[in-house]
Amino acid sequence: MKNSIQEEFISTVSHEMRTPLTSIRGFSQTLLNSWDRIDDENKKKFIKIIEEQSNRLINLVENILTVSKANSDRQVREKVYVNSSIEKIMPMFYERYKNHKFILNFNKELPPAFLDDDKFQQIMTNLIDNAGKYSEEGNNITITTSLDDDNIIIKVSDNGVGIKEEDFDKLFKKFSRLENHLTSKTQGNGLGLYITKQLVENMGGTITLTSIEGSGTTFIVKFPIYNQEEALKCSHKS
Ligand SMILES: Nc1ncnc2c1ncn2[C@@H]1O[C@H](COP(=O)(O)OP(=O)(O)OP(=O)(O)O)[C@@H](O)[C@H]1O
Ligand SMILES: [Mg+2]
């Protein structure tokens, strides 16, 4: 990272950390200083806030680690069959979003792509997690894989809150979260899509979206089909 970008990053991160830390300190001090005067219900409420804010910090630290990894780690790219790679991470989502309906609409004849499998799974995890977070329980989340002449295409669709077209660019910036009733109800640092876009582009892919506010969003990721010459070139480079 260049210096000025690094400085900006550090100042944003410090700001993001200060809010939960201040609240953790405040509520612990109140509990310690006024333990006998607080009733059980409020004690529980304060401890719950401390727990939530700690989770927010843990999530932030994990995301920051992923950002620096996405920037620096060398890729280990190989032939990856995206359908089976996606199938591996689905049980986690069936558990996390028990009341959503998942539909896997896979083209079974897909050739492989040339990817780092861990990084591809991270991309899919961020997109599927968003689809779950920004749609209501009971909604459908559809994951489609298909093929055009040169690319493998993966789509993650939800019928959730949707995104205004004028906000499309903002989404991929660090720490940007959009205003909607589910953003305030859910946790997040606004780093997921920033990381996702970097990971996709570092592996030669593209990410775009279509969305209608109030009715749903589709993220579209494309990766070139595995090609032996390209793979050889890449292995000589790293
Ligand atoms: N499928 C979606 N439908 C509607 N809005 C979305 C969707 N995906 C992302 N967004 C909006 O874009 C913002 C940025 O998404 P991003 O994944 O980068 O961050 P996050 O989910 O808020 O936090 P993080 O992923 O870091 O935990 C979200 O806060 C949300 O407002
Ligand atoms: Mg996210």
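Over the face of which residue does Lys43 lie? In this predicted model, Lys43 lies over the face of Trp35, at 4.2 Å from the ring centre.

**View 1. Charged side chains over aromatic rings.** A charge is taken to sit over a ring if NZ of Lys or CZ of Arg is within 6 Å of the ring centre and within 35 degrees of the ring normal. Besides Lys43, which is placed over Trp35, Lys197 has its charged end over the ring of Phe172, 5.3 Å from the centre of that ring.

**View 2. The aromatic pair of Phe120 and Phe223.** The structure holds five aromatic pairs, where rings of Phe, Tyr and Trp (its six-membered ring) pair if their centres lie within 6.5 Å, and where planes under 30 degrees apart count as stacked, over 60 as edge-to-face and the rest as tilted. One of them joins Phe120 and Phe223 in an edge-to-face arrangement, with 6.2 Å centre to centre and 75° between the planes. This pair links distant parts of the chain, since Phe120 belongs to helix H4 (residues 117–133) and Phe223 to strand E7 (residues 216–224), 103 residues apart; helices (H or I, at least four residues) and strands (E, at least two) are DSSP runs, numbered from the N terminus. Phe120 is buried, at a relative accessible area of 0%, and Phe223 is buried at 0% as well, where buried means under 20% relative accessible area, exposed over 50% and partly exposed in between (1.4 Å probe, protein chains only).

**View 3. The aromatic pair of Phe172 and Phe219.** Phe172 and Phe219 are also paired edge-to-face, with 6.5 Å between the centres and 90° between the planes. Because Phe172 lies in the loop between helix H5 (168–171) and helix H6 (181–185) and Phe219 lies in strand E7, the pair ties together parts that are 47 residues apart in sequence. Phe172 is buried, with a relative accessible area of 13%, and Phe219 is buried at 6%.

View 4. Polar contacts (pairs of N or O atoms within 3.5 Å) include one in which an oxygen atom of ligand 1 is 2.9 Å from an N or O atom in the side chain of Asn130. A backbone N or O atom of Leu178 lies 3.1 Å from an oxygen atom of ligand 1.

**Conventions.** Residues are numbered from 1 along each chain as its sequence is written, while chains are lettered from A and ligands numbered from 1 in the order in which they are written. Local features need pLDDT of at least 70, side-chain atom pairs count only at pLDDT 80 or more, and totals for chains, interfaces and linings use all residues, while side-chain values use heavy atoms, with hydrogens and water left out.

How values were computed:
A polar contact is a pair of N or O atoms within 3.5 Å; within protein, one must be able to donate a hydrogen and the other to accept it, and residues adjacent in sequence count only if both atoms are side-chain atoms.
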